[in-house]
Amino acid sequence: MPPIAEKVDAYSTWHDDKPFVFLARRRSPEGMRFDVAHELGHLVLHPAAACDDTAQEREANEFASEFLIPGDAIPEYLRSNPPISDLLEVRDQFKVSATALAHATHAAGRMTDWAYRNTCIELSGRGFRKGEPGGMPNHEMSRVFPQILGTRGTVTARQVAAELRVPVQEVRALTFGVELGAAAAGVDAPAMNNAATMSHSQLRLVR
C-alpha cells in the first residue's frame, strides 16, 4: 500500500469477481505473512461484508492462525507448556511470530492459561511486541510480479509508471521493491523521466 496509508497494515476486497489484497511492509516478515492469511480469511469467510466487525476480525484471526499453524500439528513439534527456546525454534520452521505461535499453542490446549500469560510477559519483555528478534531476515517476495513485469515479460516498471503518470519509485514500492531491469520498449527515456515527475492529480485509468 502507498505510504499515505500509514495506519493500515493490510486490506482486502473483491472486484469484478477477483480477490485483491493490499499490504504494508512496516510489519516484520512473520507479521506480514499473518496479515496475508488474515485477509485471505476475510475474502473466504466475509466476501460480501464490510470487515469492520469485531466478530469478523476474530474469525479472520482464527482462520489465519489455523492456516499457518494447524492446531493438530502442534503436538508434533511442541511439548506441553514449552519454554521460550522451543517456541523460537518452531517459530522458524513455521515462519510465524513467536507470539502467534504461543497463542496457537494455548488455543490447541498445549499451554495452560498461567504458562501462556507468563510466556506473553516474557516475550513482551524481550521485544517481541514491537518486532521479531532473530526472525526471518527478509520479507517474502511475490512470484507474480517478476513473471508479469520481469525481464522476460512484456512490461516494465517504467512502462507502468509512464502509463499511469506516477513516479517509477511508487510503482516499485507498490510491487514490493521488485527491480525490473528490462528497458521499456516503445517508451523513450525523456517520456519516462517526465512521467516520474508528474503529480498524482494527473493519474488516469487505463484498460
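The buried residues of H4 pack against helix H1 (29-45), helix H2 (54-68), helix H3 (74-77), H5 and H6. Helices here are DSSP runs of H or I with at least four residues, numbered from the N terminus, and "buried" means under 20% relative accessible area, with exposed over 50% and partly exposed in between (1.4 Å probe, protein chains only). Packing is judged by contact, that is, heavy atoms within 4.5 Å. Before going on, bear in mind that this is a predicted model, where local features need pLDDT of at least 70, side-chain atom pairs count only at pLDDT 80 or more, and totals for chains, interfaces and linings use all residues. Residues are numbered from 1 along each chain as its sequence is written, and side-chain values use heavy atoms, with hydrogens and water left out.

So who are these buried residues? They are Ile-84, Leu-87, Leu-88, Val-90, Arg-91 and Phe-94.

Now look at how H4 meets H5. Their axes come within 9 Å and cross at roughly 105°. That makes H4 roughly perpendicular to H5, a label for angles of 65 to 115 degrees (under 35 is roughly parallel, over 145 roughly antiparallel, the rest oblique). The axes are lines fitted to C-alpha atoms, for helices over the stretch in contact, and the angles run from 0 to 180 degrees between N-to-C directions. On the H4 side you'll find Leu-87, Leu-88, Val-90 and Arg-91, meeting Ala-98, Leu-101, Ala-102 and Thr-105 in H5. The residues of this contact divide into six nonpolar, one polar and one charged.

Let's zoom in on Arg-91, which sits in helix H4 (residues 84-94). Is Arg-91 buried or exposed? Arg-91 counts as buried because its relative accessible area is 3%. Leaving out residues up to four places away in sequence, Arg-91 touches Val-96, Ser-97, Ala-98, Leu-101, Phe-128, Glu-132, Pro-133, Gly-134 and Gly-135. With Glu-132 there is a side-chain to side-chain polar contact at 3.0 Å; such a contact is a pair of N or O atoms within 3.5 Å, and within protein one must be able to donate a hydrogen and the other to accept it.

Finally, hop to Ala-108, in the loop between helix H5 (98-107) and helix H6 (113-125). Ala-108 is partly exposed, since its relative accessible area is 33%. Setting aside neighbours within four places in sequence, Ala-108 is in contact with Gly-71 and Ile-74.

Conventions: Helix = DSSP H or I, 4+ residues; strand = E, 2+ residues; numbered from the N terminus. Nonpolar A, V, L, I, M, F, W, Y, C, P; charged D, E, K, R; others polar.
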